[in-house]
Amino acid sequence: MYVFDVVDRDGNLLKPTEIQAHLNYILTDLTPAPAFPIGILTSENRDVWAERRDKLVNCGNTDNLRLADSAVCCLCLDDASMKKGDDMLHSLLLANGCNRWLDKSFSLHVSKSGEAGICMEHSWGDGMTMTDILEKIYKDSTEQPQVHPGFVAAAVDSASAVHQLQFNLDSVLKNGIKKANDNFDLHVSQLSIDFMIFGKGGKETMKKNNLSPDSMAQLAFQMGFLRMRGQTVPTSEPCSMTRFKHGRLELIPSATTYTKQCSNAFVCQQDQHSVQQLKAMLYQCSSSTDYNPVTFAISQFTEFTDALGRGWQPTAVEPYAAL
């Protein structure tokens, strides 16, 4: 594990070519990978990892842990090249667990062949926040790239700027790392990852037909679970309250009787409904307030919070005051 500053003493970002030089230094370092990579500990059960972390502190690793915790992000440079498809998904999501620090707010994983993905630790915020960051990174890196494979790295003293973290480990921690490796491999062996590319329509097609893409995605998850488990289950949608003081993320239970009815019709009652009936069920599950009183209430709540965010103050005679 390596660390280096990306801002100077005055709070200014380093030049991209300086960061490039530091990364080149790390990539060309011939130090062998550690026999006991502590990153795998972050994949453990939370209680187990908490105990191991306390042990790391007791063994004199407080400064190293503070550097990991306070870093802007975690950049994971994987040695392996990725094949397209499920191999790439598996590598970006999991790899072997050793080259990860899963407690980090977000980590950027980059393979030797140039594929990249982001892993987010969810407790600090909404996934949409991370999606927005990722879109901005992608847009900026493709439209206004600051470095390019042909660029020459800055002539800086990376040997002094880059620090490799050395952890003190006792027998308990070493055994804990071995066990974490075994547990990780066991869980990965039980996980199947696959994907498909559906080319007959997408978000814009749904919008043209007055269907909510998000509602249809949630419905697809519900149908998939019904096929696998034989039942529909409660689900949740994020409701951001960050515009308010101390606001974070609330959840709205989005599974309704319409969801169950539609899922059963498509999965368990095939050939029992006409095309028009199935379409009507899709609209009921969508965000159309003409069909779904629950989404109508949600839309009213959204308008209410938007108005509050703009500084509106409710009075007893205004309809929103009753919500």
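## Helices α9 and α10

In this predicted model, Leu 219, Gln 222, Met 223, Leu 226 and Arg 227 of helix α9 meet Thr 259, Cys 262, Ser 263, Asn 264, Phe 266 and Val 267 of helix α10, where contact means heavy atoms within 4.5 Å. By class, this contact of α9 with α10 has six nonpolar, four polar and one charged residues (Ala, Val, Leu, Ile, Met, Phe, Trp, Tyr, Cys and Pro count as nonpolar, Asp, Glu, Lys and Arg as charged, and the others, Gly among them, as polar).

Helix α9 covers residues 213-229 and helix α10 residues 257-267, and the two pack at an angle of about 55° with their axes 9 Å apart; axes are lines fitted to C-alpha atoms, for helices over the stretch in contact, and angles run from 0 to 180 degrees between N-to-C directions. The two helices are therefore oblique to each other, given that angles under 35 degrees count as roughly parallel, over 145 as roughly antiparallel, 65 to 115 as roughly perpendicular and the rest as oblique.

## Leu 282

Leu 282 lies in helix α11, residues 275-285. Apart from its neighbours within four places in sequence, Leu 282 is in contact with Leu 211, Met 216, Leu 219, Cys 262 and Phe 266.

The structure holds one aromatic pair, formed by Trp 49 and Trp 101 in an edge-to-face arrangement, 5.9 Å centre to centre and with 90° between the planes (rings of Phe, Tyr and Trp, the last by its six-membered ring, pair if their centres lie within 6.5 Å; planes under 30 degrees apart count as stacked, over 60 as edge-to-face and the rest as tilted). The pair links distant parts of the chain, since Trp 49 belongs to helix α2 and Trp 101 to the loop between α4 (86-93) and β3, 52 residues apart.

## The sheet

Three strands form an open sheet of mixed pairing in the order β2-β3-β4, where two strands pair if DSSP finds at least two bridges between them. The edge strands, β2 (74-77) and β4 (116-120), each pair on one side only, and the twist averages 20° from one strand to the next. Strand β3 (residues 106-110) pairs with β4 in the antiparallel sense over five bridges, and Leu 108 has Ile 118 in β4 as its bridge partner.

## Basis of the description

Helices (H or I, at least four residues) and strands (E, at least two) are DSSP runs, numbered from the N terminus. Residues are numbered from 1 along each chain as its sequence is written, and side-chain values use heavy atoms, with hydrogens and water left out. In this predicted model, local features need pLDDT of at least 70 and side-chain atom pairs count only at pLDDT 80 or more, whereas totals for chains, interfaces and linings use all residues.
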